[in-house]
Amino acid sequence: MKNLKMSIAVMLLLAVSFTNAQEKEKMGHDHADMKMDHSKMKMDKMQDAKAEAVLADYFMLKNALVGDDTKKAALEGAKLAASLKAFDMTSYNEDEQKELADIIEDATEHAEHIAESAIDHQREHFKTLSKDITDMVAITGTKNTLYQQFCPMYDKGSAWLSTSNEVRNPYYGSKMVSCGKVQKEINN
Amino acid sequence: MKVAKKVAIILLIAFVGIQFIPTKRNQSDVVPATDIHVIYNVPKQIETIFKTSCYDCHSNNTSYPWYNKIQPVAWLLENHINEGKAELNFNEFGDYSGRRQKSKLKSIASQIRDNEMPLSSYTIIHQDAKLSEKEKELIIQWVEKTIENL
């Protein structure tokens, strides 16, 4: 009888690990689909359209964090990870490519973590992600004017990017939404 | 009871059967030149904590528990170790770019601060891997100092 119980427990464990593995596989497919959509959408635009797609997703993520919306932030994080992976750096020179590859690898990891974390962790990752995206824009440029904003209170001072010069703080959300100032205007 | 007996026998056969499926073992006795304590000045005390509490899943060398060869435990362990190493590998820390090293260090501090790591499912079995408040503070301080100097 003891044996029987043991065996059943083992089989249950097995079943659980198999379903887990299958789910993961499914998620992987979803990602791939999303990636394709992105590249289809932006294909016939200008050369750095891929960078604009990354920025667009980053701003959606930022807005979700401003709104204290963990679920939406997770969703936007996954989208951002997909558009980062779709980034095409062939038109940049060798040094830039090296830098970009590094930035994108790091940013992708943060975006992926944001896709599966609670809001506190999402914000922690968003800080480093913002640095990555700022460094990316310094290389790729962007067609829009961006504002680098800065909140001196969050984690010894943290910056982020915005399309508007009005401060809406993604690190504190509704708790202190207007905390911060415009640090720099980015026009390139 | 007859059916139960049959089921039991089938399960038993399956259990024995899966024992023959091999798993890859995570073992190596070289300390690579890219190990975190080679590239940074890691105090001995912290190095010991890392090795006891983190290296089983975050390095190329796991010290396996006695039951590690019993399936499906071996699979679970293999999965955990692969995931752990993909996230952070102390042995290959020097292979990360400066940007990523900084990111990884930050995550180490935040995971420890929030008691996310070491995983509770791991410390249940490895009581010695549990971090005391003092040890946590020690690591976090060292990590923060290291980031500042990067």
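**Entry 1**

I started with the surface of chain B, which exposes about 8900 Å², with carbon and sulfur atoms supplying 59% of it. A reminder to myself before going on: this is a predicted model.

Next I looked up the charges. Chain B carries 19 positive and 17 negative side chains, and I find the centres of the two sets 7 Å apart.

Then the fold. I count 8 helices and 0 strands in chain B, so the pattern along the sequence reads α-α-α-α-α-α-α-α.

How does the radius of gyration of chain B stand against that of a compact globule of 150 residues? Chain B has 19 Å, whereas the globule would have a value near 15 Å. I also took the box along the principal axes: the C-alpha atoms of chain B fill roughly 70 × 30 × 25 Å.

Of the 150 residues in chain B, 39% are buried. I checked the contacts between residues at least 6 apart in sequence too, and 75% of them join residues at least 24 apart.

**Entry 2: B:Lys136**

I picked out one lysine in chain B. B:Lys136 is found in helix α8, which covers residues 133-149. Is B:Lys136 buried or exposed? B:Lys136 counts as buried because its relative accessibility is 8%, and the cut-off for buried is under 20%.

What does B:Lys136 touch, once neighbours within four places in sequence are left aside? I find B:Ile112, B:Asn115 and B:Leu131 in contact with B:Lys136. I also looked up B:Ile46, which sits 90 residues from B:Lys136 along the chain; the two C-alpha atoms are separated by 9.8 Å.

**Entry 3: chain A**

On to the partner chain. Chain A has 5 helices and 3 strands, and from the N terminus on its elements run α-α-α-α-α-β-β-β.

Of the 188 residues of chain A, 46% count as buried. The accessible surface of chain A comes to about 10400 Å², and 55% of that belongs to carbon and sulfur atoms. Among the contacts in chain A with a separation of 6 or more, residues 24 or more positions apart account for 63%.

**Entry 4: A:Phe87**

Where is A:Phe87 placed? I find A:Phe87 in the loop between α3 (70-85) and α4 (94-114) of chain A. A:Phe87 counts as buried because its relative accessibility is 9%.

Leaving aside neighbours within four places in sequence, I list these contacts of A:Phe87: A:Lys50, A:Ala51, A:Val54, A:Tyr92, A:Leu100, A:Ile104, A:Met136 and A:Thr140. I also checked A:Ser130, 43 residues from A:Phe87 along the chain, and the C-alpha atoms of the pair are separated by 17 Å.

**Entry 5: where the chains meet**

How many residues does each chain bring to the contact? Chain B gives 24 residues and chain A gives 26. Between them the two chains bury about 2100 Å², 54% of it on carbon and sulfur atoms. On the chain B side, B:Leu11, B:Arg99 and B:Arg100 lose the most area to chain A, together 32% of what that side buries.

My last stop was a histidine. A:His110 lies in helix α4 of chain A. Why do I call A:His110 buried? Its relative accessible area is 4%, and buried means under 20%.

Apart from neighbours within four places in sequence, A:His110 is in contact with A:His125, A:Thr128, A:Leu129 and A:Asp132, and also with B:Ser103 of chain B.

Technical notes: Residues numbered from 1 in each chain as written. Chains lettered and ligands numbered in written order. Predicted model: local features only at pLDDT ≥ 70, side-chain atom pairs only at ≥ 80, totals over all residues. Heavy atoms only, no water. Helix = DSSP H or I, 4+ residues; strand = E, 2+ residues; numbered from the N terminus. Rg over C-alpha atoms; globule rule 2.2 N^0.38 Å. Buried < 20%, exposed > 50% of the residue type's maximum accessible area, 1.4 Å probe, protein only. Contact = heavy atoms within 4.5 Å. Areas by Shrake-Rupley, 256 points an atom, 1.4 Å probe, with all protein chains shown as cover. Lys, Arg positive; Asp, Glu negative; His and termini not counted. Charge placed at Lys NZ, Arg CZ, Asp CG, Glu CD. Buried area = accessible area lost by both parts, 1.4 Å probe.
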